[in-house]
Amino acid sequence: MKVHFSVQLLLSLFLLSAFHVPHMVVGTVELRALMELKSSLDPEGKILGSWISDGDPCSGFFEGVACNEHRKVANISLQGKGLSGWLSPALAELKCLSGLYLHYNNLSGEIPPRISNLTELVDLYLDVNSLSGAIPPEISNMASLQGNYIHNTSFP
């Protein structure tokens, strides 16, 4: 009887471990959004090399990315990194983003209106870039944003 119980226990443990899926961000909407953001912010791939498509943004290895206690991307801090691309609308997929710090780069193009879908966003720093176009009016409806979020940005 003891042998039968041991075999059953081992079989149960094996089945549990075989079907256990680790809690990782790999393959999620957030990872895909970060990969799209990487290709738009760093088109030549010289700066965001640590952002890899099979990586985990919450591992601590994605430069400038910090996650919250629920393993969701909460902050992107890439100020003064020499980025020279544009802002991808994929940013809107980072639903838990509370801080976006992209000031002191050479970003161009327009601010995507979909950024207003980021209801958790408190800090938005896009100043000292080469952005163009009007600031999307939707941004003014973002109740969570604090103060001067796009100050000193010149729009032709």
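Is C96 buried, partly exposed or exposed? C96 is partly exposed, at a relative accessible area of 26%; the cut-offs here are under 20% for buried and over 50% for exposed, with partly exposed in between (1.4 Å probe, protein chains only).

Before the points, some bookkeeping. This is a predicted model, where local features need pLDDT of at least 70 and side-chain atom pairs count only at pLDDT 80 or more, while totals for chains, interfaces and linings use all residues. Numbering starts from 1 along each chain as its sequence is written, and side-chain values rest on heavy atoms, with hydrogens and water left out.

1. **Overall layout.** The protein has 2 helices and 6 strands, arranged along the sequence as α-α-β-β-β-β-β-β. Both kinds of element are DSSP runs numbered from the N terminus: H or I over at least four residues for helices, E over at least two for strands. The protein has 156 residues, and 37% of them count as buried. Take the contacts between residues at least 6 apart in sequence: 50% of these join residues at least 24 apart. Contact here means heavy atoms within 4.5 Å.

2. **The cysteines.** You will find 1 disulfide in the structure, and it links C58 with C67 at an S to S distance of 2.1 Å. The criterion is a pair of cysteine sulfur atoms within 2.5 Å. The torsion about the S-S bond of C58 and C67 is about -85 degrees, so this disulfide is left-handed. C58 is buried at 15% relative accessible area, whereas C67 is partly exposed at 27%. Back to C96: the closest cysteine sulfur to its own is that of C67, 9.6 Å away, which is too far for a bond.

3. **The sheet.** Four strands make an open sheet in the order β1-β2-β3-β5, with mixed pairing. β1 and β5 (123-125) are at the edges with a single partner strand each, so one side of each has no neighbour in the sheet. From one strand to the next the twist averages 15 degrees, taken from axes that are lines fitted to C-alpha atoms (for helices over the stretch in contact), with angles from 0 to 180 degrees between N-to-C directions. Strands count as paired if DSSP finds at least two bridges between them.

4. **Who pairs with whom.** β1 and β2 run antiparallel and are joined by 3 bridges; V65 has I76 of β2 as its bridge partner. On the β3 side, β2 pairs with β3 (residues 99-101) in the parallel sense, again over 3 bridges. I76 turns up here too, with L100 of β3 as its bridge partner.

5. **The hairpin turn.** β1 and β2 form a hairpin with 5 residues between them. R71 sits in this loop and has a positive phi of about 60 degrees without being a glycine. As a reminder, most residues other than glycine have a negative phi. R71 is partly exposed, at 26% relative accessibility. E69 is in the loop between β1 (65-67) and β2 (73-77) as well, and is exposed at 69% relative accessible area. The E69 side chain makes a polar contact with the H70 side chain at 3.5 Å. That term covers N or O atom pairs within 3.5 Å; within protein, one atom must be able to donate a hydrogen and the other to accept it, and residues adjacent in sequence count only if both atoms are side-chain atoms. E69 and C58 are 11 residues apart along the chain, with 9.8 Å between their C-alpha atoms.

6. **Another positive phi.** Y104, also not a glycine, has a positive phi near 60 degrees. Y104 belongs to the loop between β3 and β4 (108-109) and is exposed, with 51% relative accessible area.

7. A143 lies in the segment after β6 (130-131) and is exposed at 79% relative accessibility. A143 and V122 are 21 residues apart in sequence, with a C-alpha to C-alpha distance of 8.6 Å.
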